[in-house]
Amino acid sequence: MTTLNPLYQLAAEQKSADVTDWSARISWVVGLLLFIAFVYWLMRQGWKWRARLQSGLPALATTPDDFADGEPLLTLRGRYHASTTAGRWLDRIVAHGLGTRSRVELTLTGQGLDVVRPGATDFFVPAAALREARLDKALAGKVLPEGGLLVITWAHGETLIDSGFRSDHAAEHQAWVDAVTHLTSTTEGTAR
């Protein structure tokens, strides 16, 4: 036991240095939180600025009262990803809520395309405004495997818009491309 006493006394005499400087740590955490809040504020300002730039876009059409009377050609449940200026897959349109991602229920009839988005603005695309549908892989920052995105091009005022959708069952996408192509060809034929 006598050999342990000197070691115990030696250990008791040494005092370890302070490991944590709490004031410096708190300062760094507060600084980081302020930086994150500033970046978020800048992103929000950019979103508002883009909406102001796109304020000339006309209001979205609403679903006509007699739309439910038509026989649905196709329906789809899935996700709405974004709308962009046609041909410019990164130029997101945020005016009128078109930039908000959400769940979606699409219904296509002879009258047009009804887009129901819970938690976001619903809109209606008349059949005469539909231009084309295609399978794609990217739209406004959303990149999927080849053919994983259904993109429907439609005219809204003077602007051509690409809207991207992804079905819960991706196998439905080709049927939508065929149906929209058929509908646009018949509406072009009756418009002449």
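## Residues 26-43

Residues 26-43 are 100% helix and 0% strand, with 26 Å between the end C-alpha atoms. Helices (H or I, at least four residues) and strands (E, at least two) are DSSP runs, numbered from the N terminus. An unreviewed UniProt entry lists residues 26-43 as "transmembrane region"; such annotations may be inferred rather than shown by experiment.

This is a predicted model, in which local features need pLDDT of at least 70 and side-chain atom pairs count only at pLDDT 80 or more, while totals for chains, interfaces and linings use all residues. Residues are numbered from 1 along each chain as its sequence is written, and side-chain values use heavy atoms, without hydrogens and water.

Phe38 and Trp41 form a stacked aromatic pair, 6.2 Å centre to centre with 25° between the planes. Rings of Phe, Tyr and Trp (its six-membered ring) pair if their centres lie within 6.5 Å; planes under 30 degrees apart are stacked, over 60 edge-to-face, and the rest tilted. The two residues are 3 residues apart in helix α2, so about one helical turn separates them.

Phe38 is partly exposed at 46% relative accessible area, and Trp41 is partly exposed at 47%. Buried means under 20%, exposed over 50%, and partly exposed in between (1.4 Å probe, protein chains only).

## A tilted pair between strands

The rings of Tyr80 and Phe165 have centres 5.6 Å apart and planes at 55°, so this pair is tilted. Tyr80 is in strand β1 and Phe165 in strand β9 (residues 159-167), 85 residues apart. Tyr80 is buried at 0%, and Phe165 is buried at 1%. Ring pairs join Tyr80, Phe123, Trp154 and Phe165 into a cluster.
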